[in-house]
Protein chains: 2
Amino acid sequence: MNDFPPDRARSSDAPASNAAGAAPAKEAEPTARVVTRDRVEAAVRDALLTGQFVPGHAVTLRGLAGQLGVSPMPVREAIRGLSAANALDVLPNGRIRVPTMTRQRFDELLHARVLLEPHLAMLALPKLLDQADDLARIDDAIDVSLVTGDVAAYMRRNHEFHFRIYRAAGSQIILPLVEHVWLQFAPFMRTAYGRVGTSALEDRHKEAIAAIRENDAEKLRVAIERDILDGMGLIGHSVLDEPPVAAAPPEVGRKIRSASATQRRSGVKARSPSKSPD
Amino acid sequence: MNDFPPDRARSSDAPASNAAGAAPAKEAEPTARVVTRDRVEAAVRDALLTGQFVPGHAVTLRGLAGQLGVSPMPVREAIRGLSAANALDVLPNGRIRVPTMTRQRFDELLHARVLLEPHLAMLALPKLLDQADDLARIDDAIDVSLVTGDVAAYMRRNHEFHFRIYRAAGSQIILPLVEHVWLQFAPFMRTAYGRVGTSALEDRHKEAIAAIRENDAEKLRVAIERDILDGMGLIGHSVLDEPPVAAAPPEVGRKIRSASATQRRSGVKARSPSKSPD
DNA sequence: AATTTCGGAATGTGATCACAATTTGCCTTT
DNA sequence: AAAGGCAAATTGTGATCACATTCCGAAATT
């Protein structure tokens, strides 16, 4: 992750001389001003979803700001938004890192996905009837990514495939929840793919597309559910049940005084505002 | 909302002379430093959950900072976290306000609740067997709040009752999602209560407690589900089906398009940013 | 009297500085 | 050679300033 995915306006050289008052490049544009914070958040989000941020990877304000060529300020707000979605973990000492995967977390993420996503798919079915070809195209691109071994491209395409379906449900409430779940498991999936290889991947996308073409809600629900269980279940379990190999990448804050090593993430977040409504 | 719920350290007089280096009250404490941002977030969260922030209510950085006696900086990050949870709405022009309730939003929130909360309750049942008395005590306090008409206290207690149950499920993933949902519907419920009165409230808490005492998972699931449907369904529909009292005023900057991560609601300003309607 | 226009006030955004708490690397000591 | 300690570097947090944009109200115009 060295630049913004949508537009590579600025490279990582200067610490963003000015961004507020020096952007009169386009004037006839009726579009809203591009907020740097949103670009940063989109960049980090993309990095998480494509596996460029590995679990345990330390994320620093100034580091990220330097990479993206902005000041630490928009990064702070972006990080805050991601951490509210539990996509980033704020340790008790304030340091930020990509959450590490545990068995419990993985099972619960799987659980949440099965609970929400097949449901969204069913809701979306009526509006998907004319998108089967588009989905098939995306699925073809996924297959290409699988044979070429481009894990980042695969993850991006797979996300697009699923959310193309879920978005059609038109849900303003559940869709963001599903996005939060994806942001949490995606970094780990990258690790898992890197360990077991992409050849082990077998999705149920073609069953889902067929269900859409047949306008079969129950078939679509089953396809999505099995897609989740197959993709995450097999790979996740096979990786999590193995003892932690030393291949863990940067291995940043391993020796943090995690006094309660049993589970430090007791609450919602490592250091969440203690909501004591009484 | 004029001060922090947990500790009333500073009153709203000075614009926070110093907060970074002026908190050496406790030194032998190994606990993490109390971050102002988290206190602000907790205050806003509490204000939302107790209905002190009415849908449509404008939230400004400097205004909130002044009320809480802090600088706008921690407020910015707190607001960012809440908006990531869709608890606050960032309009295309950047202004922040409590989201207004629409029919679609309400139905989806109801939907999400029914999808997640009964499930959490069932998961929590084994660990709730020895908490029935505590829950009964909370429920008694709820009844007191209902007869006295203290809506804020009622909402706080009701939240505590439900989350006492959900927390016991020990879910690190789904629980935050449910919290996000609550933060979204709570402000509207306060409005609804203010309009139809608290006397119309009939919860299924006693059925839930009985189910816990009997260790009956299905009964607990049904109790929670009916509690949600009864409480939100009746009141919500009766209020939403009425035409809005005020004609839709100025419709804030519609011409701008935002580049946020998820979709964003716009327009439909139903009430002026006045105080609570009751 | 209704509409338009214009200017001050308010608001969000980004940048920068100061500072406390850690972390990290190097050095000294045993 | 290993353990301990000290200082520099790093990091998150809060405050403050500058600025573009937007909002609001009053004054001028039609």
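**Notebook: contacts, sheet and core**

I began with contact range in chain A: among contacts between residues at least 6 apart in sequence, 79% join residues at least 24 apart. I note that the model is predicted.

I then looked up burial. Of the 278 residues in chain A, 44% are buried.

Next I listed the secondary structure. Chain A holds 9 helices and 3 strands. Reading from the N terminus, I recorded the order of elements as α-β-α-α-β-β-α-α-α-α-α-α.

I turned to the strands of chain A. The 3 strands make an open sheet, ordered E1-E3-E2, with antiparallel pairing. Strand E1 (58-59) and strand E2 (89-90) of chain A are the edge strands, each pairing on one side only. I recalled that strands of a sheet pair through backbone hydrogen bonds, either parallel or antiparallel.

I examined one pairing in detail. E2(A) and strand E3 (residues 96-97) of chain A are joined in the antiparallel sense over 2 bridges. For Asp89(A), I found the bridge partner in E3(A) to be Arg97(A).

I asked which residues touch the most other members of the largest nonpolar core.

Technical notes:
Residues numbered from 1 in each chain as written. Chains lettered and ligands numbered in written order. Predicted model: local features only at pLDDT ≥ 70, side-chain atom pairs only at ≥ 80, totals over all residues. Core = buried A, V, L, I, M, F, W, Y, C linked by C-beta atoms within 7 Å. Buried ≥ 20, exposed ≤ 12 C-beta atoms within 10 Å, placed from the backbone. Pairing = 2+ DSSP bridges. Helix = DSSP H or I, 4+ residues; strand = E, 2+ residues; numbered from the N terminus. Contact = placed C-beta atoms within 7 Å.
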